[in-house]
Amino acid sequence: MENKLLIILIILSLIIRVYPFLILGSILGADVGRFAIISHTWFLKKQITPNLQPYDMAESFFYFPFLLIPYAFEYLGINSITTITFISYATSFLGIVVFYKIARLFLDKEKALISAAFYSFIFDIVFAYNLMGVFPYGVASFFFLIVMWQSLKFAIENKINLPLLFMGFFGILLFHWYLFFGIMLLFFALITYEWVEKKTIKNSLKLLLHYSIVNAIGVIILSPYLFIFLKYFGIANKSENVVDLFSYASGRIKFGPIKALENILFVSYPGTIFSSIYVASFVLFLLSLKSFLKGKESIWLYFFVYTVLFSLFLFNELNLLRITTLLWLLYAFVIGFCFKSKWVLLLIPFLVLVQSASPLYLTYALHFKQEHFVPFVDFSKFNKAIEFIRSLPENSTFLIDGGGAGCTGASANYGERIFPLTSRKIFYFTNYCWADYNRSEYRNRVDLYRRVSINASCCIDELKAYNITHIFIGEKRVGFDPKYFLNNSNYELVYNEDDYYIFKVV
Amino acid sequence: MKMIITSSRLSRFLVIFIPLFLILLTFHIYWNPENRMKLEVKCKKINQTQDYCSFNCSIKSNMPSVGRIVVTHTVWAAIFEEKIQLNNEEQNIIIMLPRRNFVYYIRGAFYNNSNYGIYDGELEC
């Protein structure tokens with residue numbers, strides 16, 4: 001019976017992940033376009049380089065080595081955005097299996113299945129980040145799950161699969177290093193468990209040795225990449241870049257301790273969605289706290305305590321707060337732990353209407369509440385415009401509505417994807433908090449975009465001086481309104497379908 | 001004493017927890033020094049036409065600092081950005097934005113060594 005339910009869970013999980021892919025044809029959000037720009041630039045320049053000019057403003061940067069993957073796939077004729085989309089959905093799906101394996105270390109088959117089902121439909125951290133576009137962290141979360149599985153297995157059963165542990169760490173090294181903080185919290189939980197339960201820390205030290213060995217191998221494999229880029233690692237700490245991040249995280253920095261705690265426990269980092277589901281799961285955890293005070297289950301309690309404390313005191317600022325989504329693993333686990341009957345699974349379909357960053361709710365919201373997305377567009381319409389752009393001269397340069405900007409910036413209508421998809425250049429992108437670029441030139445570009453937004457005829461000579469040949473306006477408009485470009489002698493309408501407009505600068 | 005520590009689960013927990021918590025607090029104090037900057041940003045709409053709105057924003061801090069004022073749309077992407085050096089007197093900037101019946105976000109972040117001032121607000125146009 002459990003095996004049948006497991007197969008049903010896998011099929012339904014696959015459907016719930018394929019469905020948004022069919023709606024979108026891609027993943028949303030900022031990171032996809034800007035990282036695809038990097039790998040496509042390398043492809044066009046035929047070298048892996050920190051200098052992205054003339055295709056992008058970044059003169060030097062540091063980011064994680066996963067960029068090598070979409071770059072390699074470019075040589076197979078697969079564009080970076082397709083590669084990133086596939087990796088995002090695949091890791092979300094595989095994450096369910098890994099979470100089931102984690103749950104099985106504590107629970108019987110039926111209970112583990114309940115936990116895995118809630119993880120799959122409600123608490124999938126990989127899906128939430130990936131769909132919202134924060135895919136480097138989302139994919140790294142999948143690899144975190146692998147490390148967590150092997151570490152727990154070692155702590156509980158004294159068994160470990162070193163190739164899998166290596167794979168987990170290598171994935172984190174590739175995609176997003178913030179997850180090392182997650183590993184640190186997990187390790188603190190494991191060492192506390194071993195000391196409290198077994199009055200020794202021998203196993204934890206052995207685990208630390210395993211961690212060191214597999215990471216050393218990973219670093220050696222990635223050393224050619226790190227050799228080029230590691231010298232730029234400090235760029236993110238430059239005051240101008242920190243200011244960029246601060247202005248983005250301004251609301252969060254002002255939180256008092258109570259509000260911060262509420263944010264840690266009950267608000268999703270991706271999408272900033274407060275959810276009663278997180279509140280209910282937390283209450284369930286509190287009600288069952290007695291069962292988490294001893295035995296191997298206490299690992300979850302220690303993990304919870306350390307995650308909350310470190311988030312409150314250390315990670316509460318800037319982007320590190322995303323570590324709090326690891327609490328969702330506990331939330332999913334505790335449901336399987338507390339409910340004996342699989343009938344609790346019947347609750348899941350009703351949770352589609354409860355606001356959260358769950359795959360269920362986000363898929364529902366794709367249809368009815370698109371304001372949750374960052375930002376939402378229908379990519380089938382977008383791709384038609386992209387097809388048209390491919391027919392334009394190769395030296396075309398696009399001024400895109402919405403521009404770019406901000407550490408996590410994407411334009412409102414994904415115009416930045418024009419470059420990785422068509423190799424046509426784009427103007428007015430980018431401002432990273434992890435790159436060096438000419439900031440006064442960046443400000444000039446922001447200003448030009450603003451002035452053209454107010455008066456489309458204002459700056460034709462400036463546009464031509466930048467070799468801008470076209471204006472791209474998508475269905476989600478920001479500064480540019482087509483009415484100012486239509487019947488304007490400086491522009492010629494060359495594309496107008498599905499509310500997408502492309503004007504040629506005359 | 002040794003007996004109590006090794007026999008009690010709570011004591012054993014505290015043996016690990018307290019040093020970790022102290023390390024955490026040390027980092028917390030190191031990364032969050034006392035912030036003495038007070039940043040004040042006030043924006044007022046001074047003009048509105050069919051095509052644009054103008055705002056006059058006054059920016060003041062209680063210590064010399066450097067930073068920038070950014071106006072963003074759709075959460076992140078900038079439509080206005082200015083680098084500003086604040087001395088002890090109030091500075092005024094004029095921000096002209098396209099009129100789209102839209103709520104823009106205005107954000108300011110300023111630094112002086114470990115002191116920082118942050119502002120966020122909205123501009124409706």
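Author: Axes here are lines fitted to C-alpha atoms, for helices over the stretch in contact, and angles run from 0 to 180 degrees between N-to-C directions. Helices are DSSP runs of H or I with at least four residues, numbered from the N terminus. The model is a predicted one, in which local features need pLDDT of at least 70, side-chain atom pairs count only at pLDDT 80 or more, and totals for chains, interfaces and linings use all residues. Residues are numbered from 1 along each chain as its sequence is written, while chains are lettered from A and ligands numbered from 1 in the order in which they are written.

In chain A, helix α7 (residues 135–157) packs on helix α8 (residues 162–175) at an angle of about 155°, and the two axes lie 8 Å apart. The angle makes α7(A) roughly antiparallel to α8(A), a label given to angles over 145 degrees. The crossing of α7(A) and α8(A) is left-handed, that is, the near helix is turned anticlockwise from the far one by less than a right angle.

Residues are in contact if their C-beta atoms, placed from the backbone, lie within 7 Å. From α7(A), the contributors include Pro136(A), Val139(A), Phe143(A), Val147(A) and Gln150(A). Among those they meet in α8(A) as a group are Leu164(A), Met167(A), Gly168(A), Gly171(A) and Phe175(A). By class, this contact has 14 nonpolar, three polar and no charged residues. Ala, Val, Leu, Ile, Met, Phe, Trp, Tyr, Cys and Pro count as nonpolar, Asp, Glu, Lys and Arg as charged, and the others, Gly among them, as polar.

Technical notes:
Helices (H or I, at least four residues) and strands (E, at least two) are DSSP runs, numbered from the N terminus. Angles under 35 degrees count as roughly parallel, over 145 as roughly antiparallel, 65 to 115 as roughly perpendicular and the rest as oblique. Two residues are in contact if their C-beta atoms, placed from the backbone, lie within 7 Å.
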